[in-house]
Amino acid sequence: MIQIALKRLAHSLIVLSLLMTSVFFLIRFAPGGPFDSERALPAEVQRQIEQKYGLDAPLWVQFGRWARASLEGDFGNSFQHPDRPVSEIVLSALPNSLSLGGIAFLAAMLIGIPIGIYSGASRNALWDRLVRLLLLSSVSLPGFLVASLLVWIFSIHLNLFPPALWDGPEHWILPTVTLMLRPMALITRLMRGSVKDVLQQDFIRTARAKGLSRHTVLWRHALRNAWIPCIGLLGPVAAHLLTGSFLVESIFQIPGLGRYFVSAVLNRDYSLVMGTTLVFGLILVLFNAVTEVLLSWADPRLRTPRRSS
Amino acid sequence: MSGAKSNPSWIKLLLRDRFAAALFITLVLSVLFALLAPWISPYHPDAQSIDDRLLGPSSAHWLGTDSLGRDLATRLLFGARLSLSIGIATAIFSLVLGTITGALAGFFRGWMDRVITGFIDFFSIFPSLLLAILFSLIFGRGVFGIFLSIGIVAWVQHARLVRAQVLQASELPYVESARALGISDQRILWRHVLPNLWGPILVSVSAQIPSNIMAESFLSFLGLGLQPPHASWGTLASEGTRALRSHPHLLIFPSVALFSVLLASQYLGDWLRDRVSASFRAESTD
């Protein structure tokens with residue numbers, strides 16, 4: 001077990017450092033720089049700025065410097081906000097993003113799982129069609145349009161919720177709804193299919209033949225097996241929440257990681273891009289590791305180490 | 001072989017499901033609109049008119065005009081060209097690159113498999129849109145740049161599917177007997193294994209069209225997508241979100257266009273998947 005965990009950890013570290021390396025070079029090769037402005041600066045000034053921020057050294061040297069400093073926990077200062085260290089920005093933005101993502105995640109599960117179970121178990125064709133249509137519609141509208149339509153209806157016309165910011169519960173509703181739609185559709189869809197599959201298996205027929213009620217069979221026998229594939233969704237759901245947060249935080253002006261990442265990318269704020277990407281990478285790698293552990297705990301068949309083919 | 005036999009009836013099958021038929025017609029119409037845009041549009045997409053700024057729908061401008069007085073209906077027609085062609089071109093890119101690499105990895109294994117699965121693992125941990133954002137910085141905001149940024153992250157998913165399918169198929173008895181007959185590996189793979197997998201391959205590629213159209217609109221909204229004067233549906237819709245308060249028609253019409261095409265292609269993709277997996281199941285039980 002320890003061996004597997006260590007192997008997993010090593011794998012995660014490799015993936016993470018690959019991500020950081022590729023992001024570093026991708027953003028450096030992109031045209032433009034952090035100090036571009038409408039009017040070109042005099043060459044002398046430009047050179048002095050670059051010298052001050054160490055941008056005049058060869059890329060490899062800069063990468064080495066960044067890697068060494070960040071291993072010591074120093075991520076430098078943001079280029080856009082020169083007096084703020086990247087770590088401070090990230091730490092101040094993280095709670096907002098985590099609460100937004102956390103609420104959306106919980107809401108998506110609390111709504112998606114029951115609908116999925118119900119529509120998977122019910123034999124009502126109309127209900128089944130309705131759920132399918134709802135699922136399809138919710139993945140057919142890009143997130144920024146969902147957000148704009150919600151703002152248009154609930155903030156501008158009905159004046160129920162504020163159209164932006166993150167100051168209290170009434171501010172949470174619209175961003176959360178926007179963010180949770182897609183993960184919810186994923187969860188419902190998988191749960192529905194999984195329940196349907198399990199209900200067709202032999203052991204369910206046996207349980208029914210034994211005289212158990214549909215209800216007991218569903219809750220005591222079917223669901224025990226049906227929820228396992230849903231663990232595999234943790235990774236994709238995390239990915240959707242993350243990219244969704246880029247949009248949602250930008251639209252609703254929530255000072256979270258996603259919004260900082262987007263503005264840092266647009267302004268070529270190299271150090272802030274690296275800082276935010278590192279947090280995203282850590283979250284995703286963590287999610288993947290947790291998924292694997294949960295899967296092996298939930299399904300004993302996966303616990304015996306497979307022989308490598 | 002039953003695939004070829006059932007071919008003439010698929011359109012009949014589609015028309016029997018009224019909802020699917022309606023969506024299919026929507027899709028065909030939007031492709032037609034996109035193709036015929038220069039001939040059927042009443043105005044030039046970039047023709048500005050200061051007197052006609054921000055008009056609501058009227059008989060002269062069916063869907064109104066934008067902040068520069070350009071006719072929205074015309075811009076939507078031309079936007080369809082960009083959105084649909086990005087969606088389809090990236091799917092073809094996936095089809096070619098993903099099928100070839102996935103097939104090589106699944107069939108020959110070895111170092112090629114290790115390199116390709118390495119790619120697949122990496123891309124499956126990090127969200128494709130996050131990576132697409134980073135690639136779009138390098139490739140720029142032209143049509144070709146956006147196509148590359150989306151294509152590069154999309155083909156990997158298709159490669160994963162093809163690899164799994166080929167891996168499974170290469171264990172089947174017919175491959176073994178082909179080997180026993182002395183047929184070369186290359187020939188077995190390209191002439192026997194892959195043609196048998198057309199169903200899942202088609203389903204996987206067609207499922208990419210809506211998600212790639214969506215990815216383009218995502219990039220456009222963040223300000224990393226197509227640059228003016230190019231205007232896709234994504235660009236138009238994100239311009240619309242900025243005029244939301246005062247001129248909602250600029251948001252509503254592009255949204256409706258985007259929504260109906262995405263809904264139609266998703267639904268028909270699912271429909272296709274159900275049919276294909278049903279026919280595959282039927283074949284394997286024969």
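Helix H11(B) contributes the most to the lining of the largest cavity, giving three residues. This is a predicted model.

**The cavity**

How many cavities of 30 Å³ or more does a search of the whole structure find? The search finds one. The space in the largest cavity is about 50 Å³. Which residues line the largest cavity? They are B:Asp66, B:Leu72, B:Arg75, B:Leu236, B:Glu239, B:Gly240 and B:Leu250. Two elements of chain B each give two or more residues to this lining: helix H4 (72-108) and helix H11 (233-242). Look for these two helices of chain B in the structure to find the lining.

**Chain A as a whole**

Now turn to chain A. Its secondary structure consists of 13 helices and zero strands. Read along the sequence, the pattern is therefore α repeated, α-α-α-α-α-α-α-α-α-α-α-α-α. The C-alpha trace of chain A spans about 85 × 60 × 30 Å along its principal axes.

| Property of chain A | Value |
|---|---|
| Buried residues | 44% of 309 residues |
| Accessible surface | about 16,900 Å² |
| Share of that surface from carbon and sulfur atoms | 64% |
| Positive side chains | 28 |
| Negative side chains | 18 |
| Distance between the centres of the two charge sets | 18 Å |

Where does A:Ala121 lie? It lies in helix H4 of chain A, which covers residues 86-121. Is A:Ala121 buried or exposed? The relative accessible area of A:Ala121 is 13%. Buried means under 20%, so A:Ala121 counts as buried.

What does A:Ala121 touch, leaving out residues up to four places away in sequence? Its contacts are A:Val195, A:Leu199, A:Arg214 and A:Leu218.

**Recap**

Chain A has 13 helices and zero strands. A:Ala121 sits in helix H4 of that chain and is buried. The lining of the largest cavity is made of residues from chain B, with H11(B) giving the most.

Conventions
Residues numbered from 1 in each chain as written. Chains lettered and ligands numbered in written order. Predicted model: local features only at pLDDT ≥ 70, side-chain atom pairs only at ≥ 80, totals over all residues. Heavy atoms only, no water. Helix = DSSP H or I, 4+ residues; strand = E, 2+ residues; numbered from the N terminus. Buried < 20%, exposed > 50% of the residue type's maximum accessible area, 1.4 Å probe, protein only. Areas by Shrake-Rupley, 256 points an atom, 1.4 Å probe, with all protein chains shown as cover. Lys, Arg positive; Asp, Glu negative; His and termini not counted. Charge placed at Lys NZ, Arg CZ, Asp CG, Glu CD. 1 Å grid on protein atoms, 1.4 Å probe; cavity = no way out; pocket = protein on both sides within 12 Å on 5 of 7 lines; lining within 4 Å. Points joined across faces, edges and corners; volume = space filled by probe spheres on them. Contact = heavy atoms within 4.5 Å.
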